[in-house]
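Please look at the sequence and the model first.

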Amino acid sequence: FDIEGYVTGFGNPDWEKTHDAASRTSTVVSSLVEGGATCTGKTVVDELAYSINGVNKHYDTPTNPLAPAHIPGGSSSGSAVAVAANLVDFALGVDTTGGVRVPAAFCGIFGFRTSQGALSNVGVIPVSPSLDALGWFAKDPSILRRVGHVLLQLPYSLPRAPRNIIIADDCFQVLKTPMSRVSQVVIKSSEKLFGKQVLKHENLESYLGSKLPSLNQFHNINRNGDVKISTMRSLANAMLFLQRNEFSSIHGDWIHTTKPILDPAASAQLEVVESTVDKAHTYQSIRNETRSALNSLLKDDGILVIPTVADPPPKLGSKEILLEDYQSRNFSLLSIASISGCCQVSIPLGFYDNCPVSVSFIARHGSDRFLLDIVQTMYASLQEQSDIALKYNSSKNTISQEESAEIAKEKGNTAFKEKKMQKAIGFYSEAIKLNGDNATYYSNRAAAYLDVGSFLQAEADCSTAISLDKKNVKAYLRRATAREMLGYYKEAIEDFRHALVLEPTNKRAALSADRLKKLFQ
């Protein structure tokens, strides 16, 4: 975003060196300042605003305040981090293929992508004009909404309840985060606020596959051999082709003339793919068909619910961000709003496995106000349901501790059979740590202690087992053996006899008791 008197850096030092300071401030920044906001500063973007990772080798990677060991997401990485770190109330960003939505999800804040063309892009460096949409970040839904009202110049009106909240079931099935922490939170919140009648379920892959004939044509042109590809992945590929070609047509001459120092990953992404008139026409048809399909699905007061991203934020330095599967999974989700031009908001839903969790709402093109109102209406309930899901998962973890103890016991049994007694003792000890009220774990560890000659430990474990289960025959037999080896013959005889009372047909108990009795008569 241009600020009068400052060079707009575009995430690359060579760009900054070869461009003059802006002669005027971008329209959206001016509108916000006129509306009462204070411009605090400018933030870092990914190199040439072309990545969704938030990594910039020239200016370093902004630290994700909520998950410091993980990437912040991009391209508007600095803006998202500034909001997540409470440095500002809100910040602007540009979203081409996820530049606002991804960092919002990874940093655990709100990120709003406006309907394509809803705001003036005067004074904003373009990346791909057919896909570019302006957006902003906030931690508070009220601030998110207020910024929208100023920028979109919305008159006051009463919020409308949604007629349909459509859950894209197939999109949630591929998440690494449990559905109980994402889609189920939205479902329960929607039922509580609006009733079950508003909820609908859709297989988005099938729906879009039946509505986008031009996408099949695009896939046929660009596929390798007869490799089958899903509709969603094909949509993502179309988005990336369009981004690459439009970026090249705008900035290709500068790259060719300046030969800037680019990160190898950025260079690879910027490789030009030849574009023809036929392809350009196909792109336009895909965009029109996608927007029409979503408008038909959502109508005036509908919300489509999808994951913002497919994966938690990868760790810093991870090669995961370069993998085709990672990029394809995420771009498949991000392409829906980018291609259709619909508005989308990423909503934070707490944490899972120490990383932020989010969900996204999409409304039809031009329904920005409706979407902002829905977030304001639903967020308190979404927070409540998210907290309930977190507590429920915590109680499930308590149950799973017992399951983990059983797994450790079985590993101990396997090691015992393989005569690996120290390993067996280790696994039984792990089981006892997880569940110290199970007599079998102590009795089994006693058997391993007997085998390695640790008779005192074996006796102590058997005594604990017996205190937990008075009818544990094996514990009495093993304690008797330990006591015999320690020279406590009278006590050993008593244990063998007790085992015989519990199990009269136990030959070992009978023979051992008789043997000791004869020895010490």
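## Helices α18 and α19

At what angle do helix α18 and helix α19 pack, and how far apart are their axes? The angle is about 160° and the axes are 8 Å apart, with α18 covering residues 473-486 and α19 residues 489-502. This makes α18 roughly antiparallel to α19 (angles over 145 degrees count as roughly antiparallel, under 35 as roughly parallel, 65 to 115 as roughly perpendicular and the rest as oblique). Axes are lines fitted to C-alpha atoms, for helices over the stretch in contact, and angles run from 0 to 180 degrees between N-to-C directions. Helices are DSSP runs (H or I, at least four residues), numbered from the N terminus.

Residues of α18 that meet α19 include Val473, Tyr476 and Leu477, and among their counterparts in α19 are Tyr489, Phe496 and Leu502. Contact means heavy atoms within 4.5 Å. By class, nine nonpolar, two polar and five charged residues form the contact of α18 with α19 (Ala, Val, Leu, Ile, Met, Phe, Trp, Tyr, Cys and Pro count as nonpolar, Asp, Glu, Lys and Arg as charged, and the others, Gly among them, as polar).

## Basis of the model

The model is predicted: local features need pLDDT of at least 70, side-chain atom pairs count only at pLDDT 80 or more, and totals for chains, interfaces and linings use all residues. Residues are numbered from 1 along each chain as its sequence is written, and side-chain values use heavy atoms, with hydrogens and water left out.

## Helices α10 and α13

Helix α10 (residues 231-258) packs against helix α13 (residues 324-340) at about 75°, with 7 Å between the axes. α10 is therefore roughly perpendicular to α13. Met232, Leu235 and Met239 are among the α10 residues in this contact, and α13 contributes residues including Phe331, Leu334 and Ile336. The contact of α10 with α13 has 10 nonpolar, four polar and three charged residues.

## Gln269

Gln269 lies in helix α11, residues 264-269. Its relative accessible area is 24%, so Gln269 is partly exposed (buried means under 20%, exposed over 50%, partly exposed in between, with a 1.4 Å probe and protein chains only). Leaving aside residues up to four places away in sequence, Gln269 touches Tyr50, Arg244 and Gln327.

## Cysteines

There are zero disulfides in the structure (pairs of cysteine sulfur atoms within 2.5 Å). For Cys39, the nearest cysteine sulfur is that of Cys107, 20 Å away. Cys39 is partly exposed, at 43% relative accessibility.

Cys342 is buried, at 0%. Its sulfur is 6.7 Å from the closest cysteine sulfur, in Cys343, which is too far for a bond.

Notes. Helices (H or I, at least four residues) and strands (E, at least two) are DSSP runs, numbered from the N terminus.
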